[in-house]
Amino acid sequence: MAGETVEKPRKSFLILFRVGEYRLAVEAFSIQYIAGVNWTPQVGAEEEDHDRIVEMAAVLRLPPQEGKRTIVIDTPSGQRGFVVDSISNEEIILRFIEPVPPLLEGWIKPTAITGFLVEQEAVIGVVDFHRVDQAYFGRMPSVRPKGEQAR
Amino acid sequence: MMVDEQIDDTSKTPGTEPNRLYFVFRDGHEAYAVPPTSVVEVITKTKATPVPFTPDWLDGVISVRGAIVPVLDLFRYFRLPSKISTRRNRMILVGVGPNAFAIWSDQIVGVETVEESRMEPPLSNLTDSLLKCLSGQFRTEGIMVYCIDLQKLLEETRGQVKAL
């Protein structure tokens, strides 16, 4: 359309991970670090640990998965950990991120997928965990009941 | 992906009824038709990559020469009562203005000329979501073919996502 700015692919360092059937990626600069599944946040005594650990399988409405790693982000209210199945053995890769087509952007809700990379015929969605946190955390706290120990 | 939609899909010989051209394809028990000018290409694919946070009728995305293309599952979108096809082996890549998306198919029937007199009123047992996107229907070889208004389909899908 005339006058419309077309978003171009941009290069970024990415970490690939899996949650159930989904093969996804996250931009390395957007996270604090990756921990094991037994991660606990650095919070004060008055905070509840379980509210800061989110099972991505539950967010994506998948059956419970054997989560092995935790992707930790820093939010204005403190650290938040997102448990995923696994992290790619390649660790950090440098790739071009394709923008989300405008048509598809209207179909993604919440808008937590900010781009895609094409990796050997497969298309991998790039997740913005801060947007996931904003969209879900308020109405869906961690699925771990109070008092349950992390594995 | 832009599609030239200035080509007239109708043809008329003086003294005869207008004809419409349709690109007809099947997906399981259902048959659909779209204007041939909206068809960009037919892609041999059997799998789309699922995308989280999307409706169930969005089967995922594929890469077509580097471009990310969403794949719609018409069977799921129209909430059809028949069984989903297990022989899906291709996708119809269509363009509606600046938007491009793909639709599952397991058989390409071809381009058919349909006279106005062959068009039938909608069946009473159609699902609401299909009725809203139907621009007509006709029979070919004993099969009812649903003519899909792709622009209307896109408008309706956006409305569905907002309602989530």
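This briefing walks through the main features of the structure, topic by topic.

It is a predicted model, so local features need pLDDT of at least 70 and side-chain atom pairs count only at pLDDT 80 or more, while totals for chains, interfaces and linings use all residues. Residues are numbered from 1 along each chain as its sequence is written, and chains are lettered from A, with ligands numbered from 1, in the order in which they are written.

**Chain A overall**

- Chain A has 3 helices and 9 strands; here helices (H or I, at least four residues) and strands (E, at least two) are DSSP runs, numbered from the N terminus.
- If you read along the sequence of chain A, you get the pattern β-β-β-β-α-β-β-β-α-β-β-α.
- Of its 151 residues, 30% count as buried. Buried means that 20 or more other C-beta atoms lie within 10 Å of a residue's own; 12 or fewer makes it exposed, and anything in between partly exposed, with C-beta atoms placed from the backbone.
- Take the contacts in chain A with a separation of 6 or more: 64% of them join residues 24 or more positions apart. A contact needs C-beta atoms, placed from the backbone, within 7 Å.

**A sheet in chain A**

- In chain A, 4 strands make an open sheet in the order β3-β5-β6-β4, with mixed pairing. Two strands pair if DSSP finds at least two bridges between them.
- At the edges you'll find β3 (33–36) and β4 (53–55) of chain A, each pairing on one side only.
- From one strand to the next, the twist averages 30 degrees.
- β3(A) pairs with β5 (residues 69–75) of chain A in the antiparallel sense, over 4 bridges. Ala35(A) has Thr70(A) in β5(A) as its bridge partner.
- Helix α3 (residues 129–136) of chain A packs on this sheet and touches β5 and β6 (78–84) of chain A; its direction makes about 75 degrees with that of β5(A). For such angles, axes are lines fitted to C-alpha atoms (for helices over the stretch in contact), and the angles run from 0 to 180 degrees between N-to-C directions.

**A sheet in chain B**

- Chain B has an open sheet of 5 strands in the order β4-β7-β8-β6-β5, again with mixed pairing.
- Why do β4 (39–43) and β5 (58–64) of chain B each have one side without a neighbour in the sheet? They stand at the edges, so each has a single partner strand.
- β4(B) and β7 (residues 90–96) of chain B are antiparallel partners over 4 bridges, and Val39(B) stands opposite Val94(B) in β7(B).

**Gly60(B) up close**

- Gly60(B) sits in strand β5 of chain B and is partly exposed, because 19 other C-beta atoms lie within 10 Å.
- Leaving aside neighbours within four places in sequence, Gly60(B) is in contact with Ala48(B), Thr49(B), Pro50(B), Val51(B) and Val71(B).

**The nonpolar core**

- The largest nonpolar core has 73 residues, and those touching the most other members include Phe116(A), Tyr32(B) and Val71(B). Such a core is a set of buried Ala, Val, Leu, Ile, Met, Phe, Trp, Tyr and Cys residues joined through C-beta atoms within 7 Å.
- Strand β8 (residues 99–105) of chain B gives this core its largest share, 5 residues.

**Where the chains meet**

- The contact takes 20 residues from chain A and 21 residues from chain B.
- On the side of chain A that touches chain B, α2 (102–105), β8 (113–119) and β9 (122–127) of chain A each supply at least two residues.

Conventions. Contact = placed C-beta atoms within 7 Å.
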